[in-house]
Amino acid sequence: MTMDLLAMPWLPAPGEDWRSRAKQVDTSNKPGAAARELAGHALDAAHSRLLSRRIARAMQSGRPLDPLTRLRLAVLSSATFDFIADALPAAGARHGLAIDLHIAPADTIEACAFDPGSDTYAHCPDAVLVLVDHRWLGLASPRLGLSPAAGVDAAVARLRGVIGALQRGQINLIVVPTVAIPPLGLFGSFDACQAGSVRAQILAFNARMVELARDVGAVVLDVAALSEQVGTARWFHAPSYNLYKLPFLPAAVPLFADWVARLLSAAQGKARKCLVLDLDNTCWGGVIGDDGIEGIRIGPGSAEGESFAAVQQAALDLKARGVILAVSSKNDDATARAPFRDHPDMLLRETDIAVFQANWDDKPANLRAIADALAIGLDALVLLDDNAAERAQVRSMLPMVAVPELPNDAAYYPTLLLAAGYFEAVGFSDEDSLRSASYHANAQRVAIGAATGDTGEFLAALGMIIGHARFDPIGRPRIAQLVNKSNQFNLTTRRYSEGAIAAIEAEPATYTQQTRLSDQFGNFGVIGVIIARLDTAGDWMIDTWLMSCRVLGRRVENAMLAELVRQARARGIARIHAQYLPTAKNGMVRDHYDKLGFARTAQDQDGAQSYVLNVIEYNVSDLPFHHQPGADVQA
Amino acid sequence: MPVQSVLETITQIVREELEDDAIVLTPQTRARDVPGWDSLAHVRIVVAIEDAFDTEFETSAVTGLRNVGDLVDLVDAAIG
């Protein structure tokens, strides 16, 4: 076989009844859940369009689309976008989004971006996707004898202008593209050496684009990478451009839409967090219970062993960027652990695995146990499993778990796993690289809890050190990440891009607080965020309060409030107002403010609750923390 | 493949695209005779026909289409 990414081979093929089921999405009891399940198949353009239309219909009728999260997306494209739009809502459902789409007419990017009265802004988009190609940017022709740098400068300036206009228009999430390089070599290999070649100009532009996006807090859609993975001779399809002004091959539309959807989903904090590995014939060749530790194939010495070593290496690479690894295997525990302990060619070791489930229960039961142990949702899991029957069972019983299809040859596993985009990210912080260690430390902490049995003693035994500070540039990437990813311990679920966080940091009347925690087992880094705005009465209104679920049950919220009150008193603030805005995921903090001693002042029919705290009367209680010296003295 | 079955396949594609199972196409049918068969729908229909017959029409052939009969002839020529 060769790998055809356009067919999205990690997704199962739609079954016989797919079409008739898709036609019932908008009238089904749970349109959101039905759409997500149907979207989890390898859909071509026609299938995608059918499902997208039904999702749009369900949305128009005002039906609730949970578990999908609604996202209003406006698109500014230099080329025809209608056919891409056909596939976007379907791709969105695959990644947990109900995308409500507005498309500006082709090639009206600046007219829409610079006009505050344009339909683009009237759509009130949560995100704007700007899609331009080398033609729009003036990078379609060689610049020989002219200054190549001037062409690239002009292209960057044009896009910078659009981004600036969107930021002035209060667009929070702006997605900008890199540019695919057409396969039109002028000199051949020498194009790489000649600054004025189209190839060199676009490479230079893409490098500048990535810097620009980082500086302004925009998110990059790496169209150049996508086109490379597909192959640019295929990606660029001159007949489609000439006939219909389609920016790329029509057959690439579903995959392109998937790339957009997975990126938007990651920006909403919905990327998956944990890779669950089957063992026999997934992490090594053979069956450990039958073949024994000497008989399994892993590592150098056999082609098959090399294939599985590559799977393990891919898992380790994911772990190094913060993806949690778990094991679910039908085996006796000691048998399954033996290769991790004793096989010299295993790359994965027991310490790499946060939760190890080797038993004879079925996979769905084990996946539930893994999600529970890690305190993450089932929709954060990806299961890599060579057994088609197990895959089918998990898909049918736990449709929220992602389960990639796998070919017979394990040599393809890593490429498929990574091509599926389960672990898409819009940022990377030091905390990410330490996350797996942190989940391990958690297991040790649970052991202390079991030994002492008393919560107070347990917390004291942890030796926790807490520190509070205003937002700062060092903490900013992690703060933005928490703001965009925290779903459960999040009182208002307001999302702000890194650029928006920087802007909030600079607002003189706004109080910001980042809280760090460490204990004797490890450093969590920033785990809590508060943004409080001054209202017209001179009180504080808590715009955002969230915490990482890794530090639940440690009274961190009490410590955060104690600091907030201390800062309020220092400023002569008399009252702190707060709100709980319910979502499908934040039920755990419904009583957060009640527990902290706020008085409830209102509750509306959507379940939103309003509170107030009298700063002067609030009593700060004893808390089990040592304070990080110097961290919380900043005014 | 006999003409009738190509026409049937095209009819099925057009019905799916326009979400109207009552559509009946003849070789004489023109796009403007069918409600909803606008320029965007036309692109989707042509691309879907190319997919269905696993072929790609030449640019000049696509721009010269007058009616469904031309489309059927195009498919016939493409699939031999």
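This is a predicted model: local features need pLDDT of at least 70, side-chain atom pairs count only at pLDDT 80 or more; totals for chains, interfaces and linings use all residues.
Reader: What makes chain A as compact as a globular protein of its length?

Author: Set the value against the rule. The radius of gyration of chain A is 26 Å, and the globule rule gives 26 Å for 635 residues, so chain A is as compact as a globular protein of that length. Its C-alpha atoms fill a box of roughly 75 × 70 × 55 Å along the principal axes. Chain A holds 24 helices and 17 strands. Of its 635 residues, 48% count as buried.

Reader: What share of the contacts in chain A joins residues 24 or more positions apart?

Author: Take the contacts with a separation of 6 or more; residues 24 or more positions apart account for 73% of them.

Reader: Why is A:Ala388 called exposed?

Author: Count its neighbours. A:Ala388 has 12 C-beta neighbours inside 10 Å, so A:Ala388 counts as exposed. A:Ala388 is found in helix H17 of chain A, residues 388-397. From A:Asp107 it is 281 residues away in sequence and 46 Å away in space, C-alpha to C-alpha.

Reader: Which domains does the assignment give for chain A?

Author: It gives domain 1 (69-267), domain 2 (274-419) and domain 3 (461-627). The C-alpha centres of domain 1 and domain 2 of chain A lie 37 Å apart.

Reader: Which residues touch the most other members of the largest nonpolar core?

Author: A:Val130, A:Ile174 and A:Val175 do, in a core of 160 residues. Helix H12 of chain A (253-267) gives the most to this core, with ten residues.

Reader: How do you know where this core lies relative to domain 1 and domain 2 of chain A?

Author: Look at who contributes. Domain 1 and domain 2 of chain A both give residues to this core, so it lies between them. Another core, of 44 residues, lies apart from it, and includes A:Phe471, A:Ile527, A:Ala532 and A:Val589.

Reader: What does A:Val130 touch, leaving out residues up to four places away in sequence?

Author: A:Val130 touches A:Leu76, A:Ile109, A:Val162, A:Ile174, A:Val175, A:Val176 and A:Pro177.

Reader: How do you know that strands E3 and E4 of chain A pair?

Author: Count the bridges. Pairing takes at least two bridges between two strands. Three bridges join E3 (127-131) to E4 (173-177) of chain A, and these strands run parallel. In E4(A), A:Leu173 is the bridge partner of A:Ala127.

Reader: What makes strands E2 and E5 of chain A edge strands?

Author: E2 (97-103) and E5 (219-221) of chain A each pair on one side only. The open sheet of five strands runs E2-E1-E3-E4-E5 in chain A, with parallel pairing. Its neighbouring strands are turned by 25° against each other on average, direction ignored.

Reader: Which residues form the covered and uncovered faces of strand E14 of chain A?

Author: In E14(A), residues 575-580, A:Ile576, A:Ala578 and A:Tyr580 form the covered face. A:Arg575, A:His577 and A:Gln579 form the uncovered one. In a regular strand, side chains alternate between the two faces of the sheet. Two bridges join E14(A) to the parallel strand E13 (540-547) of chain A. A:Met541 stands opposite A:His577 in E14(A).

Reader: What makes up the side of chain A that touches chain B?

Author: Ten residues of chain A are in contact with nine of chain B. Helices H3 (45-60), H4 (82-94) and H11 (238-244) of chain A are the elements giving two or more residues to that side. H11(A) gives the most, with four residues.

Conventions. Residues are numbered from 1 along each chain as its sequence is written. Chains are lettered from A and ligands numbered from 1 in the order in which they are written. A nonpolar core is a set of buried Ala, Val, Leu, Ile, Met, Phe, Trp, Tyr and Cys residues joined through C-beta atoms within 7 Å. A residue is buried if 20 or more other C-beta atoms lie within 10 Å of its own, exposed if 12 or fewer, and partly exposed in between; C-beta atoms are placed from the backbone. Domain bounds come from an automatic or database domain assignment. Two residues are in contact if their C-beta atoms, placed from the backbone, lie within 7 Å. Axes are lines fitted to C-alpha atoms, for helices over the stretch in contact, and angles run from 0 to 180 degrees between N-to-C directions. The radius of gyration is taken over C-alpha atoms; the globule rule is 2.2 Å times the number of residues to the power 0.38.
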